[in-house]
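Welcome! Take a look at them first, then follow the topics below.

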Amino acid sequence: MKGTNLGEFEELVLLTVAALMSEAYSVAICDELSNHTGRSVKLGVVHAVLNRLEEKGLVKSELGEATKARGGKRKRFYQLTMQGKTALVSAKSMRDELWARIPSLAWKKM
Amino acid sequence: MKEQRQHHPPSWAQRLVEWYCKPGLVEDLMGDLYECFERNVRSIGPRRAKLVYIIDAFKFFRSYTVRRSIFVNPFINRIMIGSYVKTSGRNIMRNKLFSFINILGLAVSMSVGLLLIAFVLDLRSYDRFHKNGERIYRITNILTSNNEENGKFASTSIKTGKLIREKVTGIEEVTIMRNDFSGDAKVGDNILPIKGFWAEPSLFRIFTFPMVEGNPETALKDPYSVVLTETAARKLFGNQAALGKAIRIDTLVYQVTGIMKDVPFFSHISFEALVSLSTAEQTNKGDKHFASWTNMWSNSVYIMPSVNANMTAIRSQLNALAKEENLAEENTKIQLELLPLYNIVVGESLRQSEGGPGFTGPHMPPIVLWILGGLAFIVILSACFNYTNLSIARAMRRIKEIGLRKTIGAGKGQVRLQFLAEAVMISLAALLFSFLLFLVLRPMLINMAPEMQRMVKLDLTPSMVAAFIVFSVTVGVIAGFLPAIFFSKISPINAFRSISSVKMFKHLTLRRALVVIQYTVTLIFITTTTIGYVQYKNILAFDLGFSTANILNINMLNNKPDALLKELREMPEVTALSRSLITTGVGNAWGGNMKYKDSRDSALVMTNHVDENYLPLHDYKLVAGGNFIARPTTALAVSEVIVNEQVLKRFNIGANNPRKAIGEQITLNGRKMTIVGVMQDFHYGKVENLIGPVAFTFWTPEDRAIISAKIQSADMPATVARIESVWKKIDRVHPFTAEFYDEEIKDAYSEFSTMIKIIGFLSFLAISIASMGLFGMVVFTTETRLKEIGIRKVMGANVGNLIYLLSRGFLFLLSVSALIALPATYLFFKTVVLPHFPYHAPVQITELFVGLLAVLLVAFIMIGAQTWKAARSNPVKVLKIE
C-alpha cells in the first residue's frame, strides 16, 4: 500500500462521499462528481476508487434495501470512517499550510 | 395506448459479470450497471444502451472484481493433468482386457472416420489451385422443351458465352470451352490418341494453368493452333523442343503454340491438349446450328465477374438475356444459372449429354457424403458406447479413488476433466492403431471402383493430420462424456461406505439402452447387406429378355469392322458374329422420334442399329414377322424396322395383334419405314428403368460399330488374347477395348456393388464392435457374480441353470434389438429402396433372418463361453478367498 496519502481523484471521491451523507452510492457519487468537476467521470473508475478507499479503511460500506429500480439489486452505501475523516482533514490542513506560505506580493506578480 | 417497452440488458453480458465477479461485489455492481443501463435507454436509446452495457461489463473485469478461482483453476488443472495421465495410464494397464476392447473398438471404427475425413478433404481440395477460384462461375443451363422440365445441364451454347461477353456488364472475363476434342496425334511415326478441349485465350486469364513455353495471350488465338501439356509434349516429341512444330491430328495439321504445365490432379477439368476454338469455328463454318442458342450439348462457359461485382445484377442480366433469346424459339426455353467453381465437384448433380469422359469430371453429390458420414458416425458411436458402458460398469472399482480425490479437494469439474482426459488418452492410443488400419484400407478403398482412382488420392497432408487429431480428441470426448458426468456426481461419503450401498446399478437402464441401440444398428447394417446382396445378385441374373452368355463385345472405335470380321470368321471358337451401334441393357441409349398415322402424335423411342445376325445371336424372341429382309448400305436406304410390343401398344398399331402390325408404315426420325418384325419386350435400359418402346433399324457402314462375337471355347482368356492379337494388326494405335456382355452388365451396376461393399464392411465393423462390447459386459457381470454363482452351485444349481441365469438378461436385450431392427429394415427396403426397381424380386424372410442368426451366433459364443467358464468354476475356490 502507498500509505494513507490521498490521490487527487481519491480525495474528490472521498469528499463527495462525505457530502452526499447517507445517499452515497456509486452511481450517485459518479453523478455528483460529473456535475461539480465538469469532467466526465466513468462509473468503472469510481467503483475502483471506492474499492481502494475501502481497502485503505477510509470508507466503510453496507448494502441497502432492495429497490425495483435497479433490477432488484441492492445499493452499496458508503460512509466515511474516522480514518477517512482524518485523512481529509490532514489533506486540507496540509494545503492550507502551503497556501499560507505563498507571500501575497509574489502571488500577485505571477 | 402506448406503453414503453421494457428493455433489458443483454443476458449473456449479465451472466458474464455474474461469472467473473466476486460474490461480495456482484450484487451492487450489477445494480449499478442496471441503473446506468436504464438511464442510457432513456437518453441514448436501447440499442446503444445495450452496447454501453456490454462494454462496461468487460471494463469491470479488473483485478479487484474478479474471483480468484478463475485464474487459479486452470493453473491447478494444468498441474493435475500430469496426475490424470499417470492414473489413467495405470488404470489402462491394470485392466488390460477392457483397455484392449476399448482401444481396438475405437481404432477399428475410427479408421472409417479417417478414411471419410481423407475422402472429404480430397474432394474439398478440388480446383483450389486457381488463384481467382472464388470468383469463377460456370454457366448452368436449365432446359424446358415442349413444356417439360428437362433438368439442369452442365453445358451451354457457344452463343451464351458470346452474348455474355458482349452484353453483360460487371464481368471481367468469359471463356468458352467446347468439349470432346479427340483424335490421333501424329508426329513422324509416333501416333498417340489425344484428348482435350477447344478453348479460347481467355481461358488462361481465368484459370491458373501456368504456361511453360509460348505466350498465353496469343497461343489459342489463331485457328489450327494447339497447346500441349508437358506430358503430352514429351510423349509426342520425346526430348525435342515441341514449340512451333506441326502435329497432324486426324486429318488436320496444327501448330504447337504453347506448352503448359500438366493439369493438377485435383482439377475438375482435365485434358492433354487445348485447341483454339477458332479452329472449330472454321471447320463448322457452314453449320448454322453450331453457334445457335439451342445447341447446348457440348460447350461449357466459365465467367469471372470483376472484383466486388454485383452478382444480383449479373444474374438479372443473364435472365433478361435468356428471355430475349427464348422469344425466337418455339418449343425450347433455356434459363441460365451460375454455379460457383468450388461447388462443381461437391454439389448439385447436373445432367450431361453424351459427353466424353473427363468432360464434367469427378462429381459427388453432398447427400452421398452425408449418408456415408452418418453411417461412419453410427459405427464410431457404437465404439463410444462400448467405452461408456465398460467404464460405468467398472465404476465400483474406481469409486474409492474418486472418493479420495474429492475428499482431498477435487471439484466436480476436476473429476470430469480427469475422466475426459482418460478417454482422450484411450482415443489417441486408438488413433495410432487406426492410422495403421487407414494405411491398409486406403488402397482397398481407392481400388474399389475405377471412378475412385480418378477422383481421390488420399495422400496425407498436414491439414489431414490435424483433422485426424482433432477427430480423435472429439471421439474421446464423446466416449468419455457420460462416464465423466457419472463419476463427477459420486459423493465422497457414499464412496467410502460399503460398496454395495453405492447406487451404481442406477445406471443399468442407460447401459441396457446403449446395448440395445448398438445391436439394433448392427442388425440393421447386416440385414441391409444381405438383402442388398441378394437383390444385386438378382439384378445380375435378371432375364433381360435376350441372351448375354459368352458374348464378347468389341468396340471398333473408329475402325471399319469388315477387316476384323473377316479374321474373326476364320477363328473356330467364334460361332457367330454381329454388328450393332450400341450395347443395350447396360445404360446406353440412342433415341429417335417416332410417328404413326397421326402426324401430331410423336413419341421418343429407343433405337439401335443392328445387322441381320444380331437378333439370332442374342436370342431375341420375335412374336411376329421376321428378320430384316433388305440389306441397305447407306442410312438413307434403310426402310425396315423391327419394333417391340410396347411400340404397338403406344401407337395402337394392329389393335394388339402383332401379326397385323407387320407391313404397317411408321415414321422414324422423319423417314418412312415398314415394320417387318415384332419382338417380345426386353430390357433396353437398366433394370431400374421401365420397359419402353424400342425400334431396331438396320446397321449401315456409316455407323460406329460394336462387334458381338459369340464364343465357344474351353479357354476363354486364351481366345480373347488371340482376338486381341488380331486387333493389333488392324489398329496399332488404340488399345483393344472388348468386354464380355455379362461383365459389362456387372460394370453397369458397379455402384450397387460398391455400395454393398461399403455397407458390408461397415456392418462387419459394427458387428465386431458390438460383440466386443457385449463380451466386455459379460466378462464383467460374471466376474462380479462369481460368489453368487458359487453359492448357487453349493445350493444345488446345475451348469444349465447357471448359464440360463447369466445369459438371460443379454438375450432379452438382443431380442428387443431384433424386434426393432428387422421390421425397420424390412420397411426401409419395402418403401424406400425397392420402389426404384420396378422389376425387383420380393424380400425373402430368410434374408432377414440370416443376419440375425449370424449376430446371435456370435453373441451366443461370446456369452456362452464366459458363462460356461463361470458356471464350471469350483465353488470352493471362489468362496474360500478372503
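On helix H25(B), the exposed residues B:Val794 and B:Met795 sit on the face turned away from the helix's buried side. Keep in mind as you read that this is a predicted model.

**Helix H25 of chain B**
- H25 covers residues 786-795 of chain B, and its buried residues are B:Ile789, B:Gly790 and B:Lys793.
- Looking down the axis of H25(B), you would find these buried residues within an arc of 105°, so they line one face of the helix.
- What do the buried residues of H25(B) pack against? Their partners are three helices of chain B: H26 (799-833), H27 (845-872) and H28 (875-880).
- Just after H25(B) comes B:Gly796, which has a positive phi of about 120°.

- B:Gly625 belongs to strand S16 of chain B, which spans residues 622-625.
- Is B:Gly625 buried or partly exposed? It is partly exposed, because it has 19 other C-beta atoms within 10 Å, while a buried residue needs 20 or more.
- Setting aside residues up to four places away in sequence, B:Gly625 touches B:Ile662, B:Val676, B:Gly677 and B:Val678.
- B:Ile675 lies 50 residues from B:Gly625 along the chain, and their C-alpha atoms are 8.5 Å apart.

**Domains of chain B**
- Chain B is divided into domain 1 (11-66), domain 2 (71-126 + 365-502), domain 3 (133-361) and domain 4 (551-747).
- Taken over C-alpha atoms, the centres of domain 1 and domain 4 of chain B are separated by 83 Å.

**Nonpolar cores**
- The largest nonpolar core has 77 residues, and those touching the most other members are B:Leu106, B:Ala766 and B:Leu774.
- Apart from neighbours within four places in sequence, B:Ala766 is in contact with B:Val379, B:Ser382, B:Val521, B:Thr522 and B:Phe525.
- There is also a second, separate core of 54 residues, with B:Ile164, B:Ala185, B:Val256 and B:Phe271 among them.

**Where chain B meets chain A**
- Contact between the chains involves 13 residues of chain B and 14 residues of chain A.
- Which elements give two or more residues to the side of chain B that touches chain A? They are helix H2 (23-44) and helix H3 (46-59) of chain B.
- H2(B) gives the most to this side, with eight residues.
- By type, the residues on this side of chain B are five nonpolar, one polar and seven charged.

Conventions. Residues numbered from 1 in each chain as written. Chains lettered and ligands numbered in written order. Predicted model: local features only at pLDDT ≥ 70, side-chain atom pairs only at ≥ 80, totals over all residues. Buried ≥ 20, exposed ≤ 12 C-beta atoms within 10 Å, placed from the backbone. Helix = DSSP H or I, 4+ residues; strand = E, 2+ residues; numbered from the N terminus. Arc of directions from axis to C-beta. Contact = placed C-beta atoms within 7 Å. Domains from an automatic or database assignment. Core = buried A, V, L, I, M, F, W, Y, C linked by C-beta atoms within 7 Å. Nonpolar A, V, L, I, M, F, W, Y, C, P; charged D, E, K, R; others polar.
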